[in-house]
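Here is a quick walk through one model, strand by strand and then helix by helix. Have the structure open while you read.

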Amino acid sequence: MIEMRVAGIALDAGTRSPIVLLKDTTERRALPIYIGQDQARAIINALERQKPPRPLTHDLMVNVLETWEMSLERVVVHALHDNTFYALLTMRQGDVVHEIDARPSDAIALALRTGTSIWVMEEVIANASIPVDQEADEAEQEAFRDFLSGLRPEDFAQRGKGRSVNGE
């Protein structure tokens, strides 16, 4: 799993649909997730630390968690099927831990309100992320190619010399 943070909300240029953009801590990968207008507003309110005069849905959920002495331990975007992302809320009440299915947008809105970490499974990132720092990616690939081009067959053969099967 890779920890991500909310970079912001954007609008798709063609459809004008809101997108929540998650970035990894190195800011090398971004994960765009299409969300609804209401969820975009809930995330923006949390990012801007706006408090409504009356609790909205995500604020109400935070109030319920606090009242029942529960905590949101983490949010995990764990799957992508047919262009739909799936998330889990890991909730704790004392020694009891539950994982609850959630839409990523709702999970993110709760995470922002509670200061909870957001994680994404590596296979989701591999399938749906976009590169942010193309130059760094290319430099890393070039360094790896240079490393490989300098390897010789005897470099591999020397690693095992002097060792017996039982490690003595």
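Start at Val76: its bridge partner in β7 is Trp119. That bridge belongs to the pairing of β4 with β7, which is parallel and runs over four bridges. Keep in mind that this is a predicted model.

Now go to β4 and β5. Strand β4 (residues 71-81) is antiparallel to β5 (residues 84-93), with nine bridges joining them.

| Strands | Sense | Bridges | A bridge pair |
|---|---|---|---|
| β4 and β7 | parallel | four | Val76 and Trp119 |

How does the whole sheet line up, and what is its strand order? It is an open sheet of eight strands, ordered β6-β5-β4-β7-β1-β2-β3-β8, and the pairing is mixed. At the edges sit β6 (96-102) and β8 (130-131), each of which pairs on one side only. As a reminder of what holds such an arrangement together, strands of a sheet pair through backbone hydrogen bonds, either parallel or antiparallel.

On to the helices. At what angle do α1 and α3 pack? Helix α1 (residues 37-47) and helix α3 (residues 104-114) pack at about 15°, and their axes are 9 Å apart. Angles under 35 degrees count as roughly parallel, so α1 and α3 are roughly parallel to each other. Their crossing is left-handed.

From α1, the contact is made by Gln39, Ala42, Ile43, Asn45, Ala46 and Leu47, and from α3 by Ser105, Asp106, Ile108, Ala109, Leu112 and Arg113. By type, the contact residues come out as seven nonpolar, three polar and two charged.

Which residues of α1 are buried? They are Gln39, Ala40, Ala42, Ile43, Asn45 and Ala46. The cover over these buried residues includes α3 as well as β1, β2 (18-24) and α2 (57-67). After α1 comes Arg49, with a positive phi near 55°.

Key
Residues are numbered from 1 along each chain as its sequence is written. This is a predicted model: local features need pLDDT of at least 70, side-chain atom pairs count only at pLDDT 80 or more; totals for chains, interfaces and linings use all residues. Side-chain values use heavy atoms; hydrogens and water are left out. Two strands pair if DSSP finds at least two bridges between them. Helices (H or I, at least four residues) and strands (E, at least two) are DSSP runs, numbered from the N terminus. Axes are lines fitted to C-alpha atoms, for helices over the stretch in contact, and angles run from 0 to 180 degrees between N-to-C directions. Angles under 35 degrees count as roughly parallel, over 145 as roughly antiparallel, 65 to 115 as roughly perpendicular and the rest as oblique. A crossing is left-handed if the near helix is turned anticlockwise from the far one by less than a right angle, and right-handed if clockwise. Contact means heavy atoms within 4.5 Å. Ala, Val, Leu, Ile, Met, Phe, Trp, Tyr, Cys and Pro count as nonpolar, Asp, Glu, Lys and Arg as charged, and the others, Gly among them, as polar. Buried means under 20% relative accessible area, exposed over 50%, partly exposed in between (1.4 Å probe, protein chains only).
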